[in-house]
Amino acid sequence: MGVQPPNFSWVLPGRLAGLALPRLPAHYQFLLDQGVRHLVSLTERGPPHSDSCPGLTLHRLRIPDFCSPGPEQIDRFVKIVDEANARGEEQGLAAGDAIAEIRRLRPGSIETYEQEKAVFQFYQRRK
């Protein structure tokens, strides 16, 4: 039986969620029970016990703590999400609105100016 990982919440119900680093095999089982099939790790070191759940595909982007992802990492993340959802559409929010919405849904997200800047640069590239 699964145990909810720390700071788990849906951003788009049933499609995209956020969470803190899963640390127990039961955290991965919880994700599977919720219908999650892809886990994108943003940490430099891989999440512990990630091999305990073969039904979950792990993708690693390796971003140092408090740093912002590079354009190629953002593009790779979007591609993973799009392919997993088998659809090519985005929410279509402007950068500032997207940041506000993610902070509303997941307080404490996008912590630094550099991370904010990465969102604005992504938005400019997609226009």
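User: What is the handedness of the crossing where α3 passes α4?
Analyst: This is a predicted model. In it, the crossing of α3 with α4 is right-handed.

User: Which residues make that contact?
Analyst: On the α3 side they are A95, G96, I99 and R103, and α4 contributes E116, V119, F120 and Y123. Sorted by class, five of the contact residues are nonpolar, one is polar and two are charged.

User: At what angle do the axes of the two helices cross?
Analyst: The axes of α3 (residues 95-105) and α4 (residues 113-126) cross at roughly 135° and come within 9 Å. The two helices are therefore oblique to each other.

User: Let us change topic. Which residues make up the largest nonpolar core?
Analyst: That core has nine residues: F8, Y28, F30, L31, L32, V36, L39, C53 and L56. Helix α1 (residues 25-33) supplies the largest share of the core, with four residues. In soluble globular proteins, nonpolar side chains tend to be buried together.

User: What does Y28 touch, leaving aside neighbours within four places in sequence?
Analyst: Y28 is in contact with P22, L39, P47, P48, H49, S50, S52, C53 and L56.

User: And H27, is that residue buried or exposed?
Analyst: H27, which lies in helix α1, counts as buried because its relative accessibility is 6%, and the cut-off for buried is under 20%.

User: Which residues does H27 touch, not counting those up to four places away in sequence?
Analyst: H27 touches V3, Q4, P5, P6 and P22.

Notes:
Residues are numbered from 1 along each chain as its sequence is written. This is a predicted model: local features need pLDDT of at least 70, side-chain atom pairs count only at pLDDT 80 or more; totals for chains, interfaces and linings use all residues. Side-chain values use heavy atoms; hydrogens and water are left out. Axes are lines fitted to C-alpha atoms, for helices over the stretch in contact, and angles run from 0 to 180 degrees between N-to-C directions. Angles under 35 degrees count as roughly parallel, over 145 as roughly antiparallel, 65 to 115 as roughly perpendicular and the rest as oblique. A crossing is left-handed if the near helix is turned anticlockwise from the far one by less than a right angle, and right-handed if clockwise. Contact means heavy atoms within 4.5 Å. Ala, Val, Leu, Ile, Met, Phe, Trp, Tyr, Cys and Pro count as nonpolar, Asp, Glu, Lys and Arg as charged, and the others, Gly among them, as polar. A nonpolar core is a set of buried Ala, Val, Leu, Ile, Met, Phe, Trp, Tyr and Cys residues joined through side-chain atoms within 4.5 Å. Buried means under 20% relative accessible area, exposed over 50%, partly exposed in between (1.4 Å probe, protein chains only).
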